[in-house]
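Here is a walk through one structure, for a reader who has not seen it before.

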Amino acid sequence: MLARTNCVRHGAVSEREDAIMLFLVVSTPRPERPSDLIGNRRSFWPWIAPYQARGLCRHIYARAGRGAVAVLDVEDNDALHRILNEWADIIPAHFDIYPLIDADAAKRMLAAQTAEPYG
């Protein structure tokens, strides 16, 4: 059972059944030869699997060439930090991180904005 929590997102407080913080993470590995890291690359998929099973990693895709793209659903910045440090321990990389807003939440925000008088 999920606990009811108060979440602060983009200046608005909302009461939700499950607090989500979505992040798009794009990894760009260091420029070592891929063949030099084949053992590390093989260990990445078993490492991410438990995060997928728990729903913390909603999506994960290998990038053409090198790297990966993931959508992470974490409870806070500490959880994101922990996952990224583990990831970098397996495959040293640069990470571009983009906070995301769930599509339904974005639609609710737009509906609320259009219901308010402009000015």
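Two strands count as paired if DSSP finds at least two bridges between them. Strands (E, at least two residues) and helices (H or I, at least four) are DSSP runs, numbered from the N terminus. The model is a predicted one: local features need pLDDT of at least 70, side-chain atom pairs count only at pLDDT 80 or more, and totals for chains, interfaces and linings use all residues. Residues are numbered from 1 along each chain as its sequence is written, and side-chain values use heavy atoms, with hydrogens and water left out.

Begin with strand β3, residues 21-29. It runs antiparallel to strand β6 (residues 93-100), and 8 bridges join the two; in one of these pairings, L24 has Y98 of β6 as its bridge partner. β3 also pairs with strand β5 (residues 68-74), again in the antiparallel sense, over 7 bridges. There V25 has A70 as its bridge partner. Buried means under 20% relative accessible area, exposed over 50%, and partly exposed in between (1.4 Å probe, protein chains only). Of the 9 residues of β3, 7 are buried, so the strand is largely enclosed by the rest of the structure.

Next comes helix α2, residues 77-90. The expected span of a helix is 1.5 Å times one less than its number of residues. For the 14 residues of α2 this gives 20 Å, which agrees with the 20 Å between its end C-alpha atoms. Which residues of α2 are buried? They are A79, L80, I83, L84, W87 and I90. These cover an arc of only 130° around the axis, which puts them on the same side of α2; the arc is that of the directions from the helix axis to the C-beta atoms. N77, D78, H81 and D89 are exposed on the other side. The buried residues of α2 pack against β3, α1 (38-53), β4 (57-62), β5 and β6, where contact means heavy atoms within 4.5 Å.

A nonpolar core is a set of buried Ala, Val, Leu, Ile, Met, Phe, Trp, Tyr and Cys residues joined through side-chain atoms within 4.5 Å. The largest has 22 residues, of which V25, F44, W47, L72, V74 and W87 touch the most other members. β3, α1, β4, β5 and α2 each give two or more residues to this core, and α2 gives the most, with 6 residues. Leaving aside neighbours within four places in sequence, W47 is in contact with I83, E86, W87 and I90.

Finally, Y61 lies in strand β4. Y61 is exposed, with a relative accessible area of 51%.
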